[in-house]
Amino acid sequence: MVERIRIRGTVQGVGFRPLVANLARAKGLGGAVWNDGAGVIILLGTDRAGADAFLESLLSGLPRLARIEGVERTTQANLQIDGNSFEIQESAVGPVETQVSPDAAPCEACLAELRSPYERRFRYPFTNCTQCGPRFSIARSVPWDRAATTMAAFPLCEACRSEYQDEADRRYHAEPIACHRCGPQVRLERSDGRPFSYERYSALDLVDAVGGLLMSGEIVALKGVGGYQLLCDATRPEVVARLRERKHREMKPLALLARDLEVVRRYAQVSPVEEGALLSPAAPIVLLRRGAASVADEVAPGLSTLGFMLPASPLHHLVMRRVDRPVVCTSGNKSDEPPAIHDDDARRRLEGIADWIVGHNREIAHRVDDSLVREVAGEIRSLRRARGYAPAPIALPPGFEAAPSILALGGQFKATVCLLARGQAVLSQHLGDLDELSAFEDWQRAGAWLEDLFQHRAQRLVVDAHPEYRSTIQGRQLAADRKLPCISVLHHHAHLASCLAENGHPLHGPKVLGVTFDGIGYGEGGALWGGEFLYGDYRQVERVGSIKPVPLLGGDAAAKEPWRNLYAHLLAEMSWGELKVNFQELEVFRLLDQKPRALLEQIRERPTLSPLASSAGRWFDAVAAACGLGFERVAFEGQAAMQLEALATEAELQAAEAEDIYPIGIPRLTGSGLPYLEPIETWRAILGDLAVGERVARISARFHVALAQAIVRMALKLQKSTAGFDTVALSGGVFQNAVLLERTQAGLLRAGFSVLLQRRVPANDGGLSLGQAAIAAARAIAGED
């Protein structure tokens, strides 16, 4: 009698087959294990009771990187396994249903070898085992075998092959293993091509010399796990300023790399939850509150947080060995371009930015940025899902397995693609903003890579409703070329569905209230939405509330020049005469009065130049501009709002909550009767506070508290006017604001609602493709397409 066990999930490249083999031998069971396109198959020469005991032991001691999605068993009474020999067999080819593990930071065993002069991998920059190392970034196809990765170019030496075949070794069938003798090698060169001697910076080796270069004030381009990075000393203002100037990155915060947790703690406050994220196999950038010691002001101007990560590879560990201070570790590109991944491209693109280039001859198959997370409301939440997390699948609620295969193409900004099949969604890594041509080309390649990698052939394509998004245009063309249906999904419905899917909300579950706050997205009839209250489910939504629509003065220019939003908001609430009579002594009034108001009024009154938009993001920009934050221009979208959030400390928030809050009414729009958040009295209160010299930190706190409480009051109002709901889902980029999210969640919970928040998938546009795929799947299951 033989038990056949099928294991689905992240089970290739994580030491799963060796674990199965060692466990079977320990229990005296004969049989075999092998990879195929759907995961792992195990044959055991035992009865059902023996297989039960085996599975219980197996599932209670999984490898560090393994994730189980499903177990299927059959008893094959006619088969017989002779003896107790158990083998790991060659992978079988078949339809791909399995998962490729995300890249993982070095495990403790590999780090111990890296540091020990008695180990043959002492100071080897590419050491790894079944519990750590490169995975997705080097995978060309599945099943996961060395021949299907970029390590195929490096045949194993005798010593490595012996480890690979030794069932007692942790490198048993570890596909990317290598050593000094047979594996990739590091290369250090000056970007100007001039000769040099690394001994000036280190008496040890050229990798150690990189640390010396950083401490000497040099800018170094280093080939990381998923792309080139730019490194420099974060404590030297002139060095960081030089990097910003060369990189054309004016104000956007720069990530930091630290040798160990001890260094991080000197410069930032670290909670137990944040420590867990820093030390996790994903090794993401974690946003942390500033600590006692200071880095250069140029690292994160005007912000109360710093983004720290720990070394994500052995190479990073070796470079940072002697560096007892943080270094900037940002993407290897000019601003807004995708990071370089190929050596020749890096030399060409980074020559004018980096002084030195640290490359190597292991090819990167997939460009993967560093992931970015933040602790909010007691949990780690993804802001950018990439290295360490992608392409781990998102298991969908029961019932979604009946959906056809779907390819969802996301939005224009923070783009991702999503492949949905067999009840799970594979969300790509963060791909960038598609208004940059090189990022758009990268997005095209990434979608094709994932389809090829998983042999996924979509039966439907899904795009955002915005007709001018590049993802929409390309998606429609792709659908036409393949003769497939192309489904258009409202931007904010996709935000809501993304939150529902991640939280496992049932396919046919009750309707919820979705509060979706962001910058701008396409709504019904081409209206510009950005502060919406939607009542619905996966299949459909009804807009039941909104932020007050205000002209988007000058269209897209409003996202870059906060004063435009302030002008439009104030003139939507009161006349210029009222402003002048009551607030002409304010600096903000004088600044607005210097603008070409006659021209602005013409622009404001023309819908083609200033379309109405119910944008939460632009409301935040307007308040920030009133407080003197980024008044004229911001270097990146959300900069002024982030600076406004940074001012709202816990002490200021508690004080604001103890006072009379800014009033936000909930009247109804003329014509449609739609309830909306009316900010007129809020604006009068803000300007009044400025007139009496109130601190902008207190104004920020009062605004955050007022908006959070207004959202709760709107939810209570809508609960009575709809068919009823007891769950509220919060999504959209504005809910990356920790102050707003925490205050809103707390208020909703006190009001008796269940609250759904996003964790593994970003609430920003990086999660749109998941929501799009879930909507299309639900409609297909219901026969609505």
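A cavity here is a set of points, on a 1 Å grid over the protein atoms alone, where a 1.4 Å probe fits but cannot get out. Grid points are joined across faces, edges and corners, and a volume is the space filled by probe spheres set on the points. By that rule, there are four cavities of 30 Å³ or more. This is a predicted model, where local features need pLDDT of at least 70 and side-chain atom pairs count only at pLDDT 80 or more, while totals for chains, interfaces and linings use all residues. Residues are numbered from 1 along each chain as its sequence is written, and side-chain values use heavy atoms, with hydrogens and water left out.

Start with the largest cavity, which holds about 170 Å³ of space. It is lined by 22 residues (those with an atom within 4 Å of a point), and the closest to its centre are Val 225, Ala 312, Ser 313, Pro 314 and Arg 362. Helix H9 (residues 314-319) supplies the largest share of this lining, three residues; helices (H or I, at least four residues) and strands (E, at least two) are DSSP runs, numbered from the N terminus. Sorted by class, the lining has twelve nonpolar residues, six polar and four charged. Ala, Val, Leu, Ile, Met, Phe, Trp, Tyr, Cys and Pro count as nonpolar, Asp, Glu, Lys and Arg as charged, and the others, Gly among them, as polar.

Now for the second largest cavity, at about 120 Å³. Its lining has 14 residues, with Arg 381, Phe 735, Leu 741, Gln 758 and Ala 763 closest to the centre. Strand S16 (379-384) and helix H23 (738-750) are the elements giving two or more residues to this lining, and S16 gives the most, three. By class, you'll find nine nonpolar residues, four polar and one charged.

Methods: 1 Å grid on protein atoms, 1.4 Å probe; cavity = no way out; pocket = protein on both sides within 12 Å on 5 of 7 lines; lining within 4 Å.
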